[in-house]
Amino acid sequence: MEFNEDKDYLLLSGIQHFQFCKRQWAFIHIEQQWEENVRTIEGEHLHRNVDQPFTREKRGDKVIVRAMPVKSESLKITGVCDVVEFIRNDDGVEISGIDGRYIAYPIEYKRGKPKTSDEDILQLAAQAICLEEMLLCDIDLGYLFYNEIKHRVEVPLTPAIKHKVKLVVVEMQDYYSRRHTPKVKTGSYCRSCSLQNICLPGLMNKRTVKSYVEGKIKE
């Protein structure tokens, strides 16, 4: 999980939480509550294999940057890109300390498989917006690597997707400025939520993190 050092900026990773459940996002990002379940544990394990802060590797015409901090002044969001690949191209941008010009492609790593909803795509698009501001370039393509299927999915980052990111972030900023936690709207997704015991203590079965993970292992 990312930690925000700039109190005026929201965490980019919160976009995924907000799209999954606005109440969950408020618990985590406004009320600062967090519980681990098997999904968050597995997700952190996957990211530990990717996140090697400030490392940069050159392979021929490709430069790979891991755990790259990013920020958008216009959206007031900040975060970390799992991986940014820079591919040499005369139409690209310069990278400090490396000859040539390069086009940037953000790559986000996910524990599961591709979703029918768009929260992963919006998170990736937000990373692209940050990179565009920082590098003064245009980014129209990124990738989502899903651990369950073991390969990356190409994601076109269209103006429409980036516009939706901006609308989502504006709503997040409004909730945050008002310290507003939405009311409960239950659904099947509640069973997989890491905060079910905080959000719905009287409706959901109370289980410890240990018992939850052990139960998943036995399934």
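In strand β6, Leu141, Tyr143 and Phe145 point one way, whereas Gly142, Leu144 and Tyr146 point the other way, and all are buried. The model described here is predicted. In general, side chains in a regular strand alternate between the two faces of the sheet. Strand β6 spans residues 141-146, and because six of its six residues are buried, the strand is largely enclosed by the rest of the structure.

**Strand neighbours of β6**

Strand β6 pairs with β5 and with β7, as set out below.

| Partner strand | Residues | Bridges to β6 | Direction | Residues standing opposite |
|---|---|---|---|---|
| β5 | 98-110 | four | parallel | isoleucine 107 (β5) and tyrosine 143 (β6) |
| β7 | 151-156 | six | antiparallel | arginine 152 (β7) and phenylalanine 145 (β6) |

From β5, the chain reaches β6 by way of helix α4 (residues 119-135), and this β-α-β crossover is right-handed.

How many disulfides does the model contain? For cysteine 81, the nearest cysteine sulfur belongs to cysteine 130 and is 7.0 Å away, and cysteine 81 is in no disulfide. Cysteine 81 is buried, with a relative accessible area of 0%. Cysteine 21 also counts as buried, because its relative accessibility is 16% and the cut-off for a buried residue is under 20%.

Terms used. Residues are numbered from 1 along each chain as its sequence is written. This is a predicted model: local features need pLDDT of at least 70, side-chain atom pairs count only at pLDDT 80 or more; totals for chains, interfaces and linings use all residues. Side-chain values use heavy atoms; hydrogens and water are left out. Buried means under 20% relative accessible area, exposed over 50%, partly exposed in between (1.4 Å probe, protein chains only). A disulfide is a pair of cysteine sulfur atoms within 2.5 Å. Helices (H or I, at least four residues) and strands (E, at least two) are DSSP runs, numbered from the N terminus. Two strands pair if DSSP finds at least two bridges between them. A crossover is right-handed if, with the strands pointing away from the viewer, the path from the first strand over the helix to the second runs clockwise.
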